[in-house]
Amino acid sequence: MNRQEELIGFLDREFLSRQEAIEHLNISKQCFHSLVTRGKITKIKKGSAVLFYRHEIESRKTDATLLRKKYRPFQHREEDDSQ
């Protein structure tokens, strides 16, 4: 594996693009932009490239799932009943 392939692999493991982060969180572009603007998600910018930490996005997704279960228990009961 050459140096360029190693770097691309590192970027894929550690960072997400804006679209990848939106899809991973399963939220709208507007909601994602709001999270970034409010400092809830860190934006890394180098020239025209904008990336987001994968671990931060994954942590945010886990937290959101736990909060939904806590504050919207009726949704999760309906999902459990349908399975």
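1. Let me start with Asn26, which sits in the loop between α2 and α3. Helices here are DSSP runs of H or I with at least four residues, strands are runs of E with at least two, and both are numbered from the N terminus. The phi of Asn26 is near 60 degrees, a positive value in a residue other than glycine. For background, most residues other than glycine have a negative phi. Asn26 counts as exposed because its relative accessibility is 67%; the classes are buried under 20% relative accessible area, exposed over 50% and partly exposed in between, with a 1.4 Å probe and protein chains only.

2. A word on the ground rules. This is a predicted model, in which local features need pLDDT of at least 70 and side-chain atom pairs count only at pLDDT 80 or more, while totals for chains, interfaces and linings use all residues. Residues are numbered from 1 along each chain as its sequence is written, and side-chain values use heavy atoms, with hydrogens and water left out.

3. The search runs on a 1 Å grid over the protein atoms alone; a pocket is an open set of points where a 1.4 Å probe fits, with protein on both sides within 12 Å along at least five of seven lines, and lining residues have an atom within 4 Å of a point. Of the 13 lining residues, Ile27, Leu35, Arg60, Ala64 and Arg68 are the closest to the centre of the largest pocket.

4. Which elements give two or more residues to the lining of the largest pocket? They are α2 (18-25), α3 (29-37) and α4 (54-71). Helix α4 supplies the largest share, 7 residues. By class, the lining holds 6 nonpolar, 3 polar and 4 charged residues. Here Ala, Val, Leu, Ile, Met, Phe, Trp, Tyr, Cys and Pro are nonpolar, Asp, Glu, Lys and Arg are charged, and the others, Gly among them, are polar.

5. Now for Phe52, in strand β3 (residues 49-53). Is Phe52 buried or exposed? Phe52 is buried, because its relative accessible area is 0%. Leaving aside residues up to four places away in sequence, Phe52 touches several partners, including Phe15, Leu16, Phe32, Val36, Ile41 and Ile57; contact means heavy atoms within 4.5 Å. Ile41 is 11 residues from Phe52 along the chain, and their C-alpha atoms are separated by 7.6 Å.

6. Ser17 is another partner of Phe52, and Ser17 also touches Val50 and Leu51. Ser17 lies in the loop between β1 (15-16) and α2. With a relative accessibility of 25%, Ser17 counts as partly exposed.

7. His33, in helix α3, counts as exposed because its relative accessibility is 53%. Leu67, in helix α4, is partly exposed, with a relative accessible area of 47%.

8. Finally, helix α1 (residues 3-14) has 12 residues and reaches 16 Å from its first C-alpha to its last, close to the 16 Å expected; that expected span is 1.5 Å times one less than the number of residues. Asn2 caps the N-terminal end of α1, with a side-chain oxygen 3.1 Å from the backbone nitrogen of Gln4.

Technical notes:
A polar contact is a pair of N or O atoms within 3.5 Å; within protein, one must be able to donate a hydrogen and the other to accept it, and residues adjacent in sequence count only if both atoms are side-chain atoms.
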